[in-house]
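Let's walk through this one together, starting with the charged pairs and then moving on to the nonpolar packing.

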Amino acid sequence: MKKPPTSKPQLALPEVNFSDQGDVRYLHLGTEWVQGSMLIDQPFDIDLDYVQRMMGWLLFVEPTSVSKRHAMQLGLGAASLTKFCWRKLRMKTTAIELNPQVVAACRLWFKLPADDARLSVVIGDAAEVVAHDHWHGQIDALQVDLYDHEAAAPVLDSQAFYADCRNLLTDEGVMTVNLFGRSSSYAQSLAKIQSAFGEDAVWSFRPTREGNTVVLALRTPQHPTRAALAERAETIETRWGLPARKWLRVFKPAD
């Protein structure tokens with residue numbers, strides 16, 4: 001099998017630093033914008049609402065199968081999703097991150113473990129990785145959170161990129177994407193995802209108070225009943241401590 005492509009880091013990558021406020025540690029890329037967070041006393045839990053919603057793919061898979069699946073994150077952030085999938089869900093977990101300083105920061109300040117048999121952190125360009133055939137058809141949960149240091153808009157946001165993401169997924173695979181639901185680019189981003197996956201395969205949350213909207217796109221469309229979703233949400237909340245019952249009040253097929 002060919003090795004996936006990786007890019008040499010660009011010279012103009014932003015400086016990485018962190019700040020502590022009470023019991024929360026925040027990751028920054030040279031600005032005051034928050035690029036991720038960690039509860040200092042509970043480093044393997046997920047702190048931010050929108051990051052918790054990035055786990056919404058759990059509503060569409062059988063809970064007993066989760067530990068046998070493969071999760072991939074495009075954009076490491078503060079490693080919240082990577083740590084949760086690896087530690088709490090016991091999944092094979094791969095993270096793709098362009099900036100080696102972010103990886104170093106996560107290992108120094110955000111409790112990201114060293115790579116092992118289930119965890120792999122790859123320094124590379126997400127666009128090149130998803131376009132390559134190395135992981136095609138192998139990813140069950142693809143979590144896309146790619147913002148620059150100004151956090152203004154997704155760095156990768158084309159129909160071709162989302163089509164490449166779809167190619168990574170298994171038949172039961174799901175992509176979750178963080179978008180700014182109150183920005184002018186949200187409708188265009190949603191339309192690109194719907195074009196790549198099909199309109200009947202896309203679900204969305206309402207925006208959080210901060211304006212983040214998480215969109216889900218399924219490789220194979222599913223339309224479970226509300227009762228089935230409620231039962232699955234109860235299991236997710238009981239087993240993994242995510243507020244999945246609350247999700248259902250703000251989650252539906254995308255318009």
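A salt bridge here is a side-chain nitrogen of Lys or Arg within 4 Å of a carboxyl oxygen of Asp or Glu. Keep in mind that this is a predicted model, where local features need pLDDT of at least 70, side-chain atom pairs count only at pLDDT 80 or more, and totals for chains, interfaces and linings use all residues. Residues are numbered from 1 along each chain as its sequence is written, and side-chain values use heavy atoms, with hydrogens and water left out.

By that rule you get nine salt bridges. Take Arg-69 and Glu-172, whose side chains meet at 2.7 Å, N to O. They sit 103 residues apart in the chain. Arg-69 also bridges to Asp-140, with the closest N and O atoms 3.4 Å apart. Glu-172, at 45%, is partly exposed.

Now for the nonpolar side. A nonpolar core is a set of buried Ala, Val, Leu, Ile, Met, Phe, Trp, Tyr and Cys residues joined through side-chain atoms within 4.5 Å. The largest one has 34 residues, and Met-55, Trp-57, Leu-58, Leu-59 and Leu-89 touch the most other members. Apart from that core lies another, of 30 residues, including Leu-74 and Tyr-186.

How values were computed:
Buried < 20%, exposed > 50% of the residue type's maximum accessible area, 1.4 Å probe, protein only. Helix = DSSP H or I, 4+ residues; strand = E, 2+ residues; numbered from the N terminus.
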